[in-house]
Amino acid sequence: MALGPAWVQGAAQGSSRLPALGDVISESLSPIDERRLGDTIMAEIRPDPAVMDDPILGAYIQSLWKPLLQAAREEGHLSDELAERFAWETFIIRERSVNAFALPGGYVGVYLGLLNITQQRDEVASVLAHELAHVTQRHIARRIVGDSQSTALTIVGTVLGLIAASRAGSVDLAQAAIMGGQAAGIQAQLNFSRDMEREADRVGFGVMTAAGYRPLGMARMFERMEQAMHLTDSGNYPYLRSHPLTTERIGEARQRASLSEDAQAEPNGRLEHALMVARGRVLMDERVEALQNLVGLDVGSREAGDVDQLAARYTAALAAYKLRQRERGDAAVLAAEKWWPRAASDRAFVRRLFTLLRAEGAWLAGDGPAGLALLDALPEARGDRVSLLLRAQLAAQPGVDLGARAAVLERLQTHQVLNPRDSLAWEASARLWELQGQPLRALRAQAESRAALGDLRGAIDRLRSALRQTRTALGGGDPIEASVIDARLRTLSYERRAHLQALYPRGVPRDVERD
């Protein structure tokens, strides 16, 4: 959107497809090359603590993202080649900034601060649709092609610098992030033009409405972002206004919505969205003083409706659990039952979400058996990553019998076959393998977890350690496991060399190469 690192902002008004120009772009920066560039950037960004993997919030953002991808294909904006080549992956950044951005290769980042200012899922969907349009219209490639000197390293430096600046709340640090090294050049180079901004608005609007989202969501999102910018920017962040949210863009969004929608229509998914915003509000700032303020929401408000009451109790309960105040958290969950919806489907959803919350509270309190008992009472859908990962965390706690741990490990292994880049799943299995007395498998799982995050050096170090253990073990250890470790070590070593060459196209520095 218009509040982000420069190449991340945007929209356009020209044709929604770019056949002639697209061919030129592909010759200069093919979809394969753009995907490799995006993978290289993400490998540097993922290990940053600000990039979070919360299974519940991640699943929600993904549920908004998938219909947009499908609609983009059906509307002809997403070609079969790009659909196959690009990652089309969303990720969440644990920061208060109102921001979202697209990266080369189909990666889209969303700040929790942006989620926090929304009231409807359609508003978030409009942001995702806008960023999706930047990717499908190849705006990013068009800007990168404009400067043959651009490298992944300069883009990575800008992204990480801006994340650090938003975390520190420092104007000086933000400016340093932009000006440091070659970041100033890449910042100017990747700014989207006003035509691209309008095109992303128009294409994104068409995609989001085709996906079933309310057209008014885009205009309302623009208005909320403009208000947030006025409240938080104070004129100190000029890069936030490289392509400002003008009254013209807001007016065009409202005009489009007026042609296709009753503005008074009740939005879909309001309950789920309110609870996801409540969760993001807690995870956005886990300082003790911030959590203590949120715990006070367990008293609710007399004027609030049922949805707002539920959201307030969810916020208060999660904040209490984070503060290790389990009894107060459980009390907030039980108090929420007074406002559970009457509709069977909504009631089942709320029951599941609050039961998961109580199980999370049990995990934070170190009570694995109680948390597992709560999860056992829930019907589990096939491929339910949320409950599986929470179950794995609970199974690693004291008091859980070996049989329960073994059962969770078996399910994790099945999940990893289908999702080999799930870092949290590998991390959870590493703890369980260690508890099961399998140090080699634990080390390999740790390595896979680091590799999934993009920390190839960390993954290689762990695999080397595991290989040394197989050589010093009595009887040579497990030969099959040793063979697997050796093969993965070779593969990741090759990947790291390729990654460094992408970061340093003019030659990898010796001190970096030795690491």
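In helix H22, the buried positions are Ser-423, Ala-425, Trp-426, Ala-428, Ser-429, Ala-430, Leu-432 and Trp-433. The cover over these buried residues of H22 includes helix H20 (385-395), helix H21 (402-418) and helix H23 (439-453). Helix H22 itself comprises the 13 residues 423-435, and its end C-alpha atoms lie 19 Å apart; this agrees with the 18 Å that should be spanned at 1.5 Å a residue.

The model examined here is predicted. The average pLDDT of the chain is 82, and 77% of the residues score at least 70. Over residues 1-26 the pLDDT stays under 50, and the model has 120 contacts for this stretch beyond four places in sequence. The pLDDT is also below 50 over residues 235-243, a stretch with 32 contacts in the model beyond near neighbours in sequence.

The chain contains 26 helices and four strands. Of its 515 residues, 53% are buried. Among the contacts in the chain with a separation of 6 or more, 73% are accounted for by residues 24 or more positions apart. The accessible surface of the chain amounts to about 22,800 Å², and carbon and sulfur atoms contribute 49% of this area.

The four strands form an open sheet of mixed pairing, with the order S1-S2-S4-S3. Strand S1 (51-52) and strand S3 (100-103) are the edge strands, each pairing on one side only. Strands S1 and S2 are joined in the antiparallel sense over two bridges; in this pairing, Met-52 stands opposite Ile-92 in S2. Strand S2 (residues 89-93) runs parallel to strand S4 (residues 107-111), to which five bridges join it. Ile-92 has Val-110 as its bridge partner in S4, and Phe-91 is placed opposite Gly-109 in S4. Strand S2 is mostly covered, with four of its five residues buried.

Strands S3 and S4 run antiparallel and are joined by four bridges. Within this pairing, Ala-102 has Val-108 in S4 as its bridge partner. The two strands S3 and S4 form a hairpin with three residues between them, and Gly-105 in the turn has a positive phi of about 85 degrees. In strand S4, five of the five residues are buried. Tyr-107, Gly-109 and Tyr-111 point one way from S4, whereas Val-108 and Val-110 point the other way.

His-499 is located in helix H25 (residues 479-503). With 10% relative accessibility, His-499 falls under the 20% limit and therefore counts as buried. His-499 and Thr-40 are separated by 459 residues in sequence, yet their C-alpha atoms are 6.2 Å apart in space. Not counting residues up to four places away in sequence, His-499 touches Thr-40, Ala-43, Glu-44 and Leu-456.

Helix H3 (residues 55-74) has 20 residues. The distance from the first C-alpha of H3 to its last is 29 Å, close to the 28 Å expected at 1.5 Å a residue. The buried residues of H3 are Pro-55, Ile-56, Leu-57, Tyr-60, Ile-61, Leu-64, Trp-65, Leu-68, Leu-69, Ala-71 and Ala-72. Following H3 is Gly-76, which has a positive phi near 85 degrees.

How values were computed
Residues are numbered from 1 along each chain as its sequence is written. This is a predicted model: local features need pLDDT of at least 70, side-chain atom pairs count only at pLDDT 80 or more; totals for chains, interfaces and linings use all residues. Side-chain values use heavy atoms; hydrogens and water are left out. pLDDT is the predictor's confidence in each residue, from 0 to 100. Contact means heavy atoms within 4.5 Å. The expected span of a helix is 1.5 Å times one less than its number of residues. Buried means under 20% relative accessible area, exposed over 50%, partly exposed in between (1.4 Å probe, protein chains only). Two strands pair if DSSP finds at least two bridges between them. Accessible areas come from the Shrake-Rupley method with a 1.4 Å probe; for residues, only the protein chains shown count as cover.
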